[in-house]
Amino acid sequence: MAAQDGCEEEIMKTVAQPNDDEPLLEHSEKSDTETSHTSAGETTTQDSSISNGDDMDDKQETVDLKIIWNKNKYDLKIPVDSTGAKLKDRIHSLTGLPPAMQKVMYKGLLPEDKTLREIKITSGAKIMVVGSTINDVLAVNTPKEVFQEEVKAEENKKEPLCRQKQHRKVLDKGKPEDVMPAIKGTKERLPTVPLSGMYNKSGGKVRLTFKLEQDQLWIGTKERTEKVPMGSIKNVVSEPLEGHEDYHMMAFQLGPTEASQYWVYWVPTQFVDAIKDTVLGKWQYF
């Protein structure tokens with residue numbers, strides 16, 4: 001029995017002792033496994049560092065805007081330090097309307113070179129966008145552009161408008177007492193209130209209200225208010241008043257000829273460019 005026990009013990013030692021090749025195999029498999037885990041870890045680390053480009057807005061102060069175009073409303077979140085030009089790019093991505101075709105309104109025509117912070121746009125603001133397809137605009141505005149050039153050439157041949165008899169009868173009444181103050185040498189955006197205290201061709205008081213959400217110009221007198229679509233206005237001309245260069249006389253051409261011009265006198269000079277840009281829109285010149 002002792003001999004038999006000795007044999008069994010020897011056999012157990014033989015079975016328990018691993019083969020010389022097995023440690024190498026296990027080590028190899030373990031190394032491969034560790035390499036695989038390491039590679040997977042590296043891959044995971046690399047993937048987590050890749051940005052999809054949406055993180056930038058989250059790291060900046062943003063504003064939530066309501067974009068209104070063609071009777072449609074869009075929600076837009078954008079950094080408050082974005083420029084008007086950047087806003088147009090974002091509107092393009094929302095609506096498909098190219099920036100060159102956009103007429104963006106917020107208390108007047110939105111300047112492209114200023115930031116939303118500088119313009120004092122805050123969350124909840126409504127941004128009005130007016131624009132048409134390139135084909136429609138070319139069909140409508142190319143003749144208008146040629147027409148405007150012809151009008152300017154014709155104006156250069158005439159004496160100053162303020163000296164013409166038809167205008168003198170209004171200008172001779174003098175400066176209205178309740179006209180808005182004028183600031184010479186400056187350009188300002190349209191005020192949030194109507195431009196009032198001015199005269200029309202008949203010498204009556206007139207006010208101009210720019211309804212950007214309807215893309216309309218409201219011409220109001222004591223008797224009535226005429227609501228004119230801005231797209232129907234063919235041209236806007238103006239001229240400083242001699243002796244009162246801080247004020248202009250201005251005409252809105254509502255039809256195909258000069259006979260349809262609606263004259264307004266004593267327009268504060270700082271608003272002249274803003275009025276023209278808002279009514280005609282810079283986007284139509286390209």
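Strands, like helices, are DSSP runs numbered from the N terminus, a strand having at least two residues. The model described here is predicted. Under this numbering, Trp-266 lies in strand S11.

Strand S11 belongs to an open sheet of seven strands, arranged in the order S8-S7-S6-S5-S11-S10-S9 with antiparallel pairing. The edges are formed by strand S8 (225–229) and S9; each has a single partner strand, so one side of each is left without a neighbour in the sheet. From one strand to the next, the twist averages 30°. The antiparallel pairing of S7 with S8 extends over five bridges, and Glu-226 in S8 is the bridge partner of Ile-219. Helix H8 packs on this sheet and touches S5, S6, S9, S10 and S11, with its direction at about 175° to that of S9. Within H8, the residues Val-272, Ala-274, Ile-275, Thr-278, Val-279 and Leu-280 are buried.

In soluble globular proteins, nonpolar side chains tend to be buried together. The largest nonpolar core of the model has 43 residues, and Leu-208, Phe-210, Phe-252 and Ile-275 are those with the most contacts inside it. At least two residues of this core come from each of helix H7 (165–171), strand S5 (195–200), S6, strand S7 (216–220), strand S9 (235–241), strand S10 (244–253), strand S11 (261–268) and helix H8 (272–280). The greatest contribution is that of S11, with six residues. A second, separate core of 21 residues includes Ile-91, Tyr-106, Leu-116 and Ala-125.

Leaving aside residues up to four places away in sequence, Leu-208 touches Pro-194, Leu-195, Met-198, Leu-217, Trp-218, Ile-219, Phe-252 and Val-264. Thr-209 lies in strand S6, which spans residues 205–211. The relative accessibility of Thr-209 is 16%, and because buried means under 20%, Thr-209 counts as buried. With the same exclusion of residues up to four places away in sequence, the contacts of Thr-209 are Pro-194, Gln-216, Leu-217 and Trp-218.

Helix H4 (residues 84–95) has 12 residues and reaches 16 Å from its first C-alpha to its last, close to the 16 Å expected at 1.5 Å a residue. Its buried residues are Gly-84, Leu-87, Lys-88, Ile-91 and Thr-95. Seen down the axis of H4, these buried residues fall within an arc of 100°, so they line one face of the helix. An α-helix has 3.6 residues a turn, so residues three or four places apart point the same way. The cover over the buried residues of H4 includes strand S1 (62–69), strand S2 (72–79), strand S3 (103–105), helix H5 (116–119) and strand S4 (126–130). Just after H4, Gly-96 has a positive phi of about 85°.

Backbone angles were also considered. Most residues other than glycine have a negative phi. Asn-70, a residue other than glycine, has a positive phi near 55°. Asn-70 is placed in the loop between S1 and S2 and is exposed, with a relative accessible area of 55%. Trp-266 is not a glycine, yet has a positive phi of about 70°. Trp-266 is buried, its relative accessible area being 2%.

Notes:
Residues are numbered from 1 along each chain as its sequence is written. This is a predicted model: local features need pLDDT of at least 70, side-chain atom pairs count only at pLDDT 80 or more; totals for chains, interfaces and linings use all residues. Side-chain values use heavy atoms; hydrogens and water are left out. Helices (H or I, at least four residues) and strands (E, at least two) are DSSP runs, numbered from the N terminus. Buried means under 20% relative accessible area, exposed over 50%, partly exposed in between (1.4 Å probe, protein chains only). Contact means heavy atoms within 4.5 Å. A nonpolar core is a set of buried Ala, Val, Leu, Ile, Met, Phe, Trp, Tyr and Cys residues joined through side-chain atoms within 4.5 Å. Two strands pair if DSSP finds at least two bridges between them. Axes are lines fitted to C-alpha atoms, for helices over the stretch in contact, and angles run from 0 to 180 degrees between N-to-C directions. The expected span of a helix is 1.5 Å times one less than its number of residues. The arc is that of the directions from the helix axis to the C-beta atoms.
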